[in-house]
Amino acid sequence: MKLTPERLVAGAVGLIVALLILAALAWNFDPFDRRKNAEQKAANATAQATTSESVAKAVDSHHTETIVIRERADRAIQTVERAPGADDPVPAPVLDAWRIGLRHGAAGSTDD
């Protein structure tokens, strides 16, 4: 077997093709799925950030609504306290009806 220039060129081309194939396989070689794990972690982090942002908005909205409700309740209390006759004692029949309502809950049953 004589080494001719044609065989030398064919061998070099074969070697280059084999090296290119090996390089392509090595470039995509990921035995421990590191790339998939990193992509999954990134997707999870993005989802968590979105969820956290939504929860923060809901909590802020709830807090704001609670403050508004308390402010309205305070104004209502002040309005009732300033109303004419606010210092007068509550009549006995009204107190009795109120106690019965508390005792029997929302149904307001008068059976004792």
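Predicted model: local features only at pLDDT ≥ 70, side-chain atom pairs only at ≥ 80, totals over all residues.
Mentor: Residues are numbered from 1 along each chain as its sequence is written, and side-chain values use heavy atoms, leaving out hydrogens and water.

Trainee: How many helices and strands are there in the chain?

Mentor: Three helices and zero strands. Both are DSSP runs numbered from the N terminus: helices are H or I with at least four residues, strands are E with at least two.

Trainee: And is the chain spread out or a compact globule?

Mentor: Its radius of gyration is 41 Å, well over the 13 Å the globule rule gives for 112 residues, so the chain is more spread out than a compact globule. That radius is taken over C-alpha atoms, and the rule is 2.2 Å times the number of residues to the power 0.38. The C-alpha trace spans about 125 × 35 × 15 Å along its principal axes.

Trainee: What percentage of the residues is buried?

Mentor: 0% of the 112 residues. Buried means under 20% relative accessible area, exposed over 50%, and partly exposed in between (1.4 Å probe, protein chains only).

Trainee: Switching to salt bridges, how many does the structure hold?

Mentor: Two. To count, a side-chain nitrogen of Lys or Arg has to be within 4 Å of a carboxyl oxygen of Asp or Glu. One joins the side chains of Glu-53 and Lys-57, at 3.6 Å, N to O.

Trainee: Where do Glu-53 and Lys-57 lie?

Mentor: Both are in helix H2 (residues 34-82), four residues apart, about one turn of the helix. Glu-53 is partly exposed at 47% relative accessible area, while Lys-57 is exposed at 55%.

Trainee: Which side chains meet at 3.3 Å?

Mentor: Those of Asp-96 and Arg-99, N to O, in a salt bridge. They both sit in helix H3, three residues apart, again about one turn. Asp-96 is partly exposed at 40% relative accessibility, and Arg-99 is partly exposed with a relative accessible area of 40%.

Trainee: Why do residues three or four places apart point the same way?

Mentor: Because an α-helix has 3.6 residues a turn.

Trainee: Last one: what follows H3?

Mentor: Gly-105, with a positive phi near 75 degrees.
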